[in-house]
Amino acid sequence: MVLDLQFKIKNNPHYQRYIRENSYWYKILNRDPSRFKEFEEKAKERYHLRPSDKINRMLETFEILQTMMSSFK
């Protein structure tokens, strides 16, 4: 694997965990380093790290707070 990709994966705990859980990515990235973007997207999708996931989490938290506040009234 290209040294640059190894550093990127090593410096991100989510990427490390994802590549260990899905070891077929070692072979894919060794043969075609240009697929790293695809690897990133899959890891972000798996661990809910996309911006839309963060917004959904924030909205869910807000709804829970609203429910709690309305129950105190």
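Helices are taken here as DSSP runs of at least four residues, numbered from the N terminus. In this predicted model, histidine 48 is located in the loop that joins helix H4 (36–46) to H5. Its phi is positive, at about 55 degrees, although histidine 48 is not a glycine. The relative accessibility of histidine 48 is 44%, and because buried means under 20% and exposed over 50%, the residue is classed as partly exposed.

The largest nonpolar core has 12 residues: Leu5, Ile9, Tyr15, Tyr18, Ile19, Trp25, Ile28, Leu29, Phe36, Phe39, Ala43 and Tyr47. Two or more residues of this core come from each of helix H1 (3–10), helix H2 (13–21), helix H3 (24–31) and H4. In soluble globular proteins, nonpolar side chains tend to be buried together.

The buried residues of H4 are Phe36, Phe39, Glu40 and Ala43. These residues lie on the same side of H4, because the arc they cover around the axis is only 100 degrees. An α-helix has 3.6 residues a turn, so residues three or four places apart point the same way. The buried residues of H4 pack against H1, H2 and H3.

Methods:
Residues are numbered from 1 along each chain as its sequence is written. This is a predicted model: local features need pLDDT of at least 70, side-chain atom pairs count only at pLDDT 80 or more; totals for chains, interfaces and linings use all residues. Side-chain values use heavy atoms; hydrogens and water are left out. Buried means under 20% relative accessible area, exposed over 50%, partly exposed in between (1.4 Å probe, protein chains only). A nonpolar core is a set of buried Ala, Val, Leu, Ile, Met, Phe, Trp, Tyr and Cys residues joined through side-chain atoms within 4.5 Å. The arc is that of the directions from the helix axis to the C-beta atoms. Contact means heavy atoms within 4.5 Å.
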